[in-house]
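Biologist: I'd like some practice in reading a model. Could you take me through a few features, with the general idea before each case?
Modeller: Gladly; let us look at the structure together.

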Amino acid sequence: MIGGRIPKFFWHTMVIGIIGAGVVLALFYGQYIWLTKQMASASNGEHGMLLEQSFERRALADLHAIANQLRFEPGAADAAVLSQALDRAMGEYPELTGLRLSLNPDTTVSGGNYPRAGDATAATRLDEQLLLSYPVVRDETEVGRLSGSFDLKPLHAELVSFKRELEAIGNEERRGSYMWIIGGTITVLLLSGSVIWQALRDHTRRINELKSAAERLRDSDFGEPLPVKHDDELGALARVFNDMRDKLRVTTHSRDYVDSILSGMNEAIIVTSDDGHVERINAATTHLLGYDEQELKGMSIDCLVNASQTRSIADHPPSGLPTEAMFETKYGESIPVSYTCSIVESDHSGRSNRIYAAQNITERRRAEKRIRYLARIDPLTRIPNRMQFQHLLQRAIARARRAGKPLALFYVDIDHFKEINDTFGHLAGDATLETVAERLTAALPEDSVIGRLAGDEFAVIVDGLGPDEDGQKGTRELAHGIIERLADPFFVQGHEVFMTASMGIAYYPKDAPNVIDLIRNADAALYSSKKAGGNMFTFYAPSMNEASVERLMTKSKLKRAFERDELLVHYQPKYNLETGNVDGAEALVRWELPERGLILPSDFIPIAEETSLIIEIGEWVLDKVCEDFRLWQHSVGSPGRVSVNLSLKQLRQANFIKRIGSILRGHEVSPTSLELEITETTLMENPERTISLLDQLYGLGLHLAIDDFGTGYSSLSALQQFPISTLKIDRSFVRDVVTNADDATIVDTIIQMGHNLHMDVVAEGVENEAQLAALQKMGCTYAQGLLFGDPMSGDNYLELLLAQAEGTDSYRALFA
């Protein structure tokens, strides 16, 4: 059913079906009646024939029985007696109406009502009687014939009764047939109706599905495609509908996808007509400007523009490139935006639309402003950074050139700033840099320019100071004032910190005519101050550049020293002051350049420390010492203990212990044959970690010594925590041990302290016999220095050991 109603074609189909069924049943019924009559007539005739034959046989049997009952003698028969016998026989057989006995030759006896003209030898059928004749036989000889007339009324009555019964049965069968026909007709009609109903229901269901899908499609609910199970008109319609659904879904999804993209975009999207009237906006536009879509529809896009700051954008031809404008919100606030405009042409109507994509650039402008600030100003100290300082220096040089006046550049660096960072942390380091900037500002003239060039390096431009006498006097006074102001103590994290600074000074135009050279020369003067110990200032001299260039060249060449096999290991013997024997040596690295000859460690080790080459050099020296020691053992039983210097960067390596163990195992050298020397500064850099590392080294069997003892900051309590076996007195104390009572006291104290802590004490830098005698008197254990010759190669050290074994050592006389 469609909408609860039965369609007309269903009724038409039912009527046509009923008429067709009626015609078929009428034909069937007519043929059935004709066949029934034919069958009834045939059955009635056949039954009558059977009854007549049966009646005739029975009648003959009766005559036969009567003939056998007659008693007479041939030729002497009594007619009266025979007549009585016939009468008696008729009484016994009710169907008989008459008998006649004909005897030869001419004797005839009758009984009952036998027709006169009924003499026949064969069966003769009259209207109501049946005449039969039967021979009378005596002694196997026929003596006469017995004829009888039988009443046919009972037979006729039986035939009529049979016919009536047959008709009744036919009528009953016809009634049953009618019922079967009616039932069959109803069944056929029901089955036909059911089939038609199922077909109608299936069509109705498919039509309803199509209708429901169309309603969902109207509401943009695409759902699942319609099933196509039949290749009929509805199936074709469903296929067409599915095709339409798929195309609409693609189109709608594309439209919805575009809508979702527009709604989800952070950029404000404004769609206008070609003349600039707003037709559509997205949520970002509402968020940006405060207008709802209905409020903006029909408005000109120029109404959104701050006319005082931006020209009309509706008349501006689209270029596809970002353009900046100033939009005005619903509440009167001006917002800077960057927008692009595109034109979309319609495929059918011929009209076009403009799409404006605008982005709020307020934060970008702030960021750009911040970037411009950071590009010029150091964010920590809020003074010009290197780039801005160079720009300001360029302008100052231009002014000085036009005015014909000089200017001075001060290059300032904080001494030992790394120690403040390492000790108190980077926050303390930042606070120190801020303090430096504040103190420089306070100590300098108002028109001075201060800049932070890098890390803890600052620079100052002071106009009017030149290399003449008055200028240099003013420069010195200002430099002294800066150094003294920076040296004032300050507090970091509750700790009082003392700070010093080094300074290099260069003049324009005397020392350099441009920015780059002036800064480089001031830096060279600063390096000279640092090299001299710091906490001072130095004026630039041309020779400083030569030293700087030489230093850079040395750094470059040092990187290739390994490839060229230019590094050497020399050994400085260590003498026992009691026995005069060589009990070991200190390994000293040397660098031999073909064009310069031998370079001392003081000239390249600091550079190696800066470039981290010290790690590679340290491992190479240890490997070379183990190689030489293994060679010495083949010639001398006990070459003594060899000392090797360790740097702070080596100790900082995570795999330092494994590397040393691997080198010792590779050369099969006992760890007890080596002694590692560590400076006091290295020991105190990170005491907890250093103690752990030294304990591991001590556990390997290595001996440990403190090098340059007395120049660092280690305390006696800290010294007791380290597994140290040797103290080495710095050469600065040994140098004046004879002439300076203070130095002598320091040396003697160190020796006594070492003995009390069960440590060996080695005096470095012994250069004359007076120093040797003083050390012997104080009870020093070992001594090394130029008094016993220059550091020597491994082969020469082996020769010294062999000479000592033979008693031919030339330095033994010093201990006589």
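Modeller: A definition to start with: two residues are in contact when heavy atoms of theirs lie within 4.5 Å. Please keep in mind that this is a predicted model.

Biologist: What share of the contacts with a separation of 6 or more comes from residues 24 or more positions apart?
Modeller: In this protein, such residues account for 62% of those contacts. The chain they belong to has 25 helices and 26 strands.

Biologist: How many residues does the protein have, and what percentage count as buried?
Modeller: There are 816 residues, of which 42% count as buried.

Biologist: Now to helix pairs. What describes two packed helices?
Modeller: The angle between their axes and the distance between the axes. Take α18 (residues 656-667) and α20 (residues 687-700): they pack at about 20°, with axes 10 Å apart. Angles under 35 degrees count as roughly parallel, so α18 is roughly parallel to α20. Their crossing is right-handed.

Biologist: Which residues of α18 and α20 meet?
Modeller: From α18 come F656, I657 and I660, and they meet L693, Q696, L697 and L700 of α20. Sorted by class, this contact has six nonpolar residues, one polar and no charged.

Biologist: At what angle do α9 and α10 pack?
Modeller: Helix α9 (residues 417-424) packs on helix α10 (residues 426-443) at about 140°, and their axes are 6 Å apart. The two are therefore oblique to each other. On the α9 side, F417, I420, N421 and F424 take part, meeting H426, A428, G429, T432 and L433 in α10. This contact divides into five nonpolar and four polar residues, with no charged ones.

Biologist: And how far apart are the axes of α15 and α16?
Modeller: The axes of α15 (residues 601-611) and α16 (residues 613-633) are 5 Å apart, at an angle of about 115°. I605, A608, E609 and T611 of α15 make the contact with L613, I614 and I617 of α16. Here the classes are five nonpolar, one polar and one charged.

Biologist: Let us turn to the backbone. What do most residues other than glycine have for phi, and what are most peptide bonds?
Modeller: Most residues other than glycine have a negative phi, and most peptide bonds are trans. R382 sits in the loop between α7 (362-376) and α8 (386-403). H758, also not a glycine, has a positive phi of about 60°, and its loop runs between α23 (741-756) and β25 (760-763).

Biologist: Are R382 and H758 buried or exposed?
Modeller: Exposed means over 50% relative accessible area. R382 has 54%, so it is exposed; H758 has 74% and therefore counts as exposed.

Biologist: Which peptide bond is cis?
Modeller: Look at the bond from Y508 to P509, which is cis with omega near 5°. P509 belongs to the loop between β16 (501-508) and α12 (515-531).

Methods:
Residues numbered from 1 in each chain as written. Predicted model: local features only at pLDDT ≥ 70, side-chain atom pairs only at ≥ 80, totals over all residues. Heavy atoms only, no water. Axes fitted to C-alpha atoms, helices over the stretch in contact; angles between N-to-C directions. Helix = DSSP H or I, 4+ residues; strand = E, 2+ residues; numbered from the N terminus. Parallel < 35°, antiparallel > 145°, perpendicular 65-115°, else oblique. Left-handed = near helix turned anticlockwise from the far one by under 90°. Nonpolar A, V, L, I, M, F, W, Y, C, P; charged D, E, K, R; others polar. Buried < 20%, exposed > 50% of the residue type's maximum accessible area, 1.4 Å probe, protein only.
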